[in-house]
Amino acid sequence: SLTQNALIATRFSTETLTEAADYASITYKLTVSNQCLVPIDMIEVQVVPDPGDIAQPAALTVRSLDAKSQGVVSATILTSKDSNAVRELIVSYYVWGVSFSIRGTYG
C-alpha cells in the first residue's frame, strides 16, 4: 500500500489517505501502431495528474513493438472516487536510442 511504501508508483499527492472506498482506479488502454521498418523500444504511458489523483503504479514490464505491428499499452491511476476519467496521457518510446513522445487527451 502507499501508506506503507510497499507500492512502486509515481505518487502525485502527499495527502494522508482515507478509507479505500474514497478512491477508484482508472486504467487507460491505448492501441499503438508502429509503421516504421524498425522496432520501437521501451514504450511507456505517463498520466498527467489532475487534482485528486493519488498515484500511478509503475509498469514493471518493458514494452516494445516490432516493425510494422501494433499492440496495446496501458496505464492505471489511483484517484478520488468522484474524479472524471479525462486525462492527458504522454506515450514515450525509443527508436534506435532516440526518444520520442506523443501527447493526447483520453477518457
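Start by selecting strand β3, residues 40–48, which gives the most to the lining of the largest pocket, with six residues; strands here are DSSP runs of E with at least two residues, numbered from the N terminus. This is a predicted model, in which local features need pLDDT of at least 70 and side-chain atom pairs count only at pLDDT 80 or more, while totals for chains, interfaces and linings use all residues. Residues are numbered from 1 along each chain as its sequence is written, and side-chain values use heavy atoms, with hydrogens and water left out.

Next, show the largest pocket itself, which has a volume of about 510 Å³. Of its 21 lining residues, Glu44, Val45, Ala58, Ala59 and Ser74 are the closest to the centre. (A pocket is an open set of points on a 1 Å grid over the protein atoms alone, where a 1.4 Å probe fits, with protein on both sides within 12 Å along at least five of seven lines; lining residues have an atom within 4 Å of a point.

Then move to the second largest pocket, with about 190 Å³ of space, and select Val32, Ser33, Val91, Tyr93 and Ile102, which lie nearest its centre among 14 lining residues. Strand β2 provides the largest share of that lining, five residues.

Finish at Tyr94 in strand β7 (residues 87–95), which counts as partly exposed because its relative accessibility is 33%, between the limits of under 20% for buried and over 50% for exposed (1.4 Å probe, protein chains only).

Conventions. Helices (H or I, at least four residues) and strands (E, at least two) are DSSP runs, numbered from the N terminus. Grid points are joined across faces, edges and corners, and a volume is the space filled by probe spheres set on the points.
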